[in-house]
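Reader: I have a model to look at. Can you walk me through its sheet and one of its helices?

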Amino acid sequence: MPEGPELHLASHFVNEACRGLVFGGRVEKSPVSRNPEVPFESSAYHISASARGKELRLALSPLSGAQPPQEPLALVFRFGMSGSFQLVPSDALPPHAHLRFYTAPPGPQLALCFVDIRRFGHWDLGGKWQPGRGPCVLLEYEQFRENVLRNLEDKAFDRPICEALLDQRFFNGIGNYLRAEILYRLRIPPFEKARTVLEALQQHRPSPELTLSQKIRAKLQNPDLLELCHSVPKEVVQLGGKGYGQESGEEDFKAFRAWLQCYGVAGMSSLRDRHGRTIWFQGDPGPLAPKGGKSHKKKPRGAQRSPEATTEDHPHPSKAPSRTRRAQRGLPEQTTAQQPKGTSFQQDLEVPPVVKKGKRKGQQPTSGGPSSASSSGVGRAFPGGKDGCVGRSYMWREAVTQSSAWRLSCHLTALPQAVADPKRARLTPHLWRLRGPHPLSRRTSLRVSAPSRCLDLDPGCR
């Protein structure tokens, strides 16, 4: 997600890329964007940009003599999760270019595009910074520091420091990766109370006996949290790159990845805060860590599973056809001993002790043969209603066959193509994909085909 440094890099890119370019015509918005139309049209205008915290202001300035007469217009952008600016040829617009500014002739026509794949970005007309946001950590450090220390009684500082750092009223420009890097450098537990961490800064005053150069040296050698909120984003800006501009690419991100010390780095732990955002840290999480939250450590790349191992766990359907397809092709049925090792079916099943043949409490007796297994299905209603079951994960706690009780879990996905038995939705043991021509009804039993077994399961247990 673009944070303060990325917005400043974007403004730098716009100013560099649009220097000397004359834009003309109307501003074009994509029909799928829900952002407001930009009522601006001029035969000749310039574009410039500036950034503050997590916002970028784009100024459209008509040239003298441009027609029709038009007042200057400013837009304020917030990039959301994936916003960026690109300058491209007008006949090669990138996907998800939701706002476009075209250059005027002569010369090849270019387009400055606001590209936002996930469409969380937003722009406002008028050019005013969003009210309520605090001073920028990059450009307004003194005001930023004063704003934080003056408002320590605010309820925001009752929360963990990792959550307070995302409050843009006080830390305008700090985001998820920046908070992890700042807290890691100071070895501050992320779930320490914010007020406890920051109150010590009110009492910290440099000795009046120190000279100016000594005070500066002391700050550089032992920066506090608020100073790192200013200096760490500056380091990212100095890296440059970050994917802005036509010549940017993977090399920009290599420098950024090498700069990271904590965020997503192997060996670091992670927890989710109360907003559901992941915080990376090392050591003790702190006294306000969420109860029941499990800390996960990032594994080194060498310890992660190889692509070959992943492929073995999910074989291609052509390598291990289901029972129905084997029957249609005239192939012999595959026994359990012949099934390839490491399939998802084998890994997802937990085989409890063998259940003796006969009547169990609350269940119908079963007789030998796969076809008689259908009596074990009850067919309770799906929790999501008629259509809500598609795309949901379900666990069937018991599925009784002639010789065993299995635990199964699967994820249901509707596919448009029909199969031989439209009255029963079928699951294959390899891809666990729902096959059927119609959405599941509220009382549908699922039938699972497995080597030499055919189970009717109860989807009511989740």
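Author: Start with strand 5 (residues 73-78), which runs antiparallel to strand 9, with four bridges joining them. Strands are DSSP runs of E of at least two residues, helices runs of H or I of at least four, numbered from the N terminus. Two strands pair if DSSP finds at least two bridges between them. This is a predicted model: local features need pLDDT of at least 70, side-chain atom pairs count only at pLDDT 80 or more, and totals for chains, interfaces and linings use all residues. Residues are numbered from 1 along each chain as its sequence is written, and side-chain values use heavy atoms, with hydrogens and water left out.

Reader: Which residue is the bridge partner of Phe 77 in strand 9?

Author: Strands of a sheet pair through backbone hydrogen bonds, either parallel or antiparallel. Here strand 5 and strand 9 run antiparallel. In strand 9, the partner of Phe 77 is Trp 123.

Reader: What is the order of the five strands in the open sheet?

Author: The pairing is antiparallel. The edges are strand 1 (23-26) and strand 9 (122-125), each pairing on one side only. The order is 1-3-4-5-9.

Reader: How far apart are the end C-alpha atoms of helix 7?

Author: Helix 7 covers residues 225-239, 15 residues in total. The expected span is 1.5 Å times one less than the number of residues. That gives 21 Å, which agrees with the distance between the end C-alpha atoms: 21 Å.

Reader: Which residue follows helix 7, and with what phi?

Author: At the other end, the N-terminal one, Asp 224 is the cap. A side-chain oxygen of Asp 224 lies 3.1 Å from the backbone nitrogen of Leu 226. After helix 7, phi is positive, near 70°, at Gly 240.

Methods. A polar contact is a pair of N or O atoms within 3.5 Å; within protein, one must be able to donate a hydrogen and the other to accept it, and residues adjacent in sequence count only if both atoms are side-chain atoms.
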